[in-house]
Amino acid sequence: MDSTGYITLSRQSGLLNQMDAIANNIANSTTTGFKREGTLFSEWVAKTGDSPSLSMGYGNTRVVDIMQAGLSQTGGAFDLAVEGDGFFMVEGPNAQQMLTRAGAFVTGPDGTLQTNDGFPVLDESGSRVFIPPDAGKVTIAQDGTLSANGAPLGRMGLFTPTDPLTMTHQQGTLFSASGYQPVTGSKIMQGYLEESNVSPINEIASMISVQRAYQMGQSFLDREDDRARNVIQTLGR
C-alpha cells in the first residue's frame, strides 16, 4: 500500500473513534451528570527524503466537555447538584479517588453516603460521609455543610483536577485525574440533579457529518484499489 492509502486509513480510524464517541454521547443524553466527550485529532509529520513530507492524522484521544448542564429539581434529600466548577469525589474501584457530577446519592446499610453503584462519597478531607440512622431530617447547605436536625455532621467537598488535561473518563459518570485540588466559590444544591450536557440534535448533526467524511474516504480507497489493480493487469499483459 502506498502512502496515500496509509494516510486515508489513519483518517478513517480517527473517524471511527469519533463515531464511537458520538454514539456514546447520544446513548447518555439523559444520564444524570454525564459529560459529553469529543475526539481530539493530532497530526504526525515525517520527512521522506527529497520527496514532500508525509502527514497523517490520528483521532485516538478523547476530551471531556465539562460545561455546566441544566439542573432539574427532584426534592430528594440526597440528590445534589453542583452549580459552578468542581466535582463530587467518590471512592471508586480499588479505593481510587474519582470525580463525578452525578449527585444522585443514597445511604448504604452502614449509613455511608454512596452512589447508586455503591461507591462511597468523600467529604472535604477525603473521608467517607456517614449519615447516622437516627439523624432525622438531613439538610445540606450550599457550602456543603451537612446537618441533622440542626447539628452539623460534616462538610461535602468539591474538587477539580490539578491538570485538566489528565482527566480521563473511567466508567459511567466517573472520571480520574493525576491529582485533585479543592474548589471554592461553587454551590451545592440540595434537591437538584444536574442533567447531561449532551445536545442530541448537535450530536446527530455531527454523526451525519462524520459518516459522510468516512464514506468519502472509503470511496477514495476503493478508487485507489481499482487503480492499482488496473496497473498490475496492464503490466502483466
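Overview. Helices (H or I, at least four residues) and strands (E, at least two) are DSSP runs, numbered from the N terminus. This is a predicted model, where local features need pLDDT of at least 70 and side-chain atom pairs count only at pLDDT 80 or more, while totals for chains, interfaces and linings use all residues. Residues are numbered from 1 along each chain as its sequence is written, and side-chain values use heavy atoms, with hydrogens and water left out. Of the 237 residues, 37% count as buried (under 20% relative accessible area, with exposed over 50% and partly exposed in between; 1.4 Å probe, protein chains only). The protein exposes about 13,200 Å², and 52% of that comes from carbon and sulfur atoms (Shrake-Rupley method, 1.4 Å probe; for residues, only the protein chains shown count as cover). Among contacts (heavy atoms within 4.5 Å) with a separation of 6 or more, 61% link residues 24 or more positions apart.

**Close-up 1. The open sheet β9-β10-β11.** Three strands line up here in that order, with antiparallel pairing (two strands pair if DSSP finds at least two bridges between them). β9 (138–140) and β11 (151–155) are at the edges with a single partner strand each, so one side of each has no neighbour in the sheet. From one strand to the next, the twist averages 25° (axes are lines fitted to C-alpha atoms, for helices over the stretch in contact; angles run from 0 to 180 degrees between N-to-C directions).

**Close-up 2. Bridges on either side of β10.** Three bridges tie β9 to β10 (residues 145–148), and Ile-140 has Leu-146 as its bridge partner. β10 and β11 pair over four bridges, again antiparallel; here Ala-148 is partnered by Ala-151. Look for Asn-149 in the hairpin of β10 and β11: two residues sit between the strands, and Asn-149 takes a positive phi near 55°.

**Close-up 3. The nonpolar cores.** A nonpolar core is a set of buried Ala, Val, Leu, Ile, Met, Phe, Trp, Tyr and Cys residues joined through side-chain atoms within 4.5 Å. The largest has 22 residues, and those with the most contacts inside it are Leu-80, Phe-88, Phe-105, Leu-113, Ile-131, Met-156 and Ile-188. β4 (80–83), β5 (88–91), β9 and β10 each give two or more residues to this core. A second, separate core of seven residues includes Met-89, Phe-159, Met-167 and Phe-175. As for Leu-113, its contacts beyond four places in sequence include Phe-78, Phe-105, Phe-119, Val-129 and Met-156.

**Close-up 4. Ile-188 and its surroundings.** Ile-188 belongs to strand β16 (residues 187–190) and is buried, because its relative accessible area is 2%. Setting aside residues up to four places away in sequence, Ile-188 touches Leu-80, Ala-81, Phe-88, Ile-140, Ala-141, Gln-142, Gly-144, Met-156 and Leu-158. Gly-103 is 85 residues from Ile-188 in sequence, and their C-alpha atoms are 9.8 Å apart.

**Close-up 5. Glu-37 in strand β1 (residues 37–48).** Glu-37 counts as buried because its relative accessibility is 6%. Its side chain makes a polar contact with the side chain of His-169 (3.3 Å); such a contact is a pair of N or O atoms within 3.5 Å, where within protein one must be able to donate a hydrogen and the other to accept it, and residues adjacent in sequence count only if both atoms are side-chain atoms. Beyond its neighbours within four places in sequence, Glu-37 is in contact with Ala-21, Asn-24, Asn-25, Arg-62, Val-63, Val-64 and His-169.
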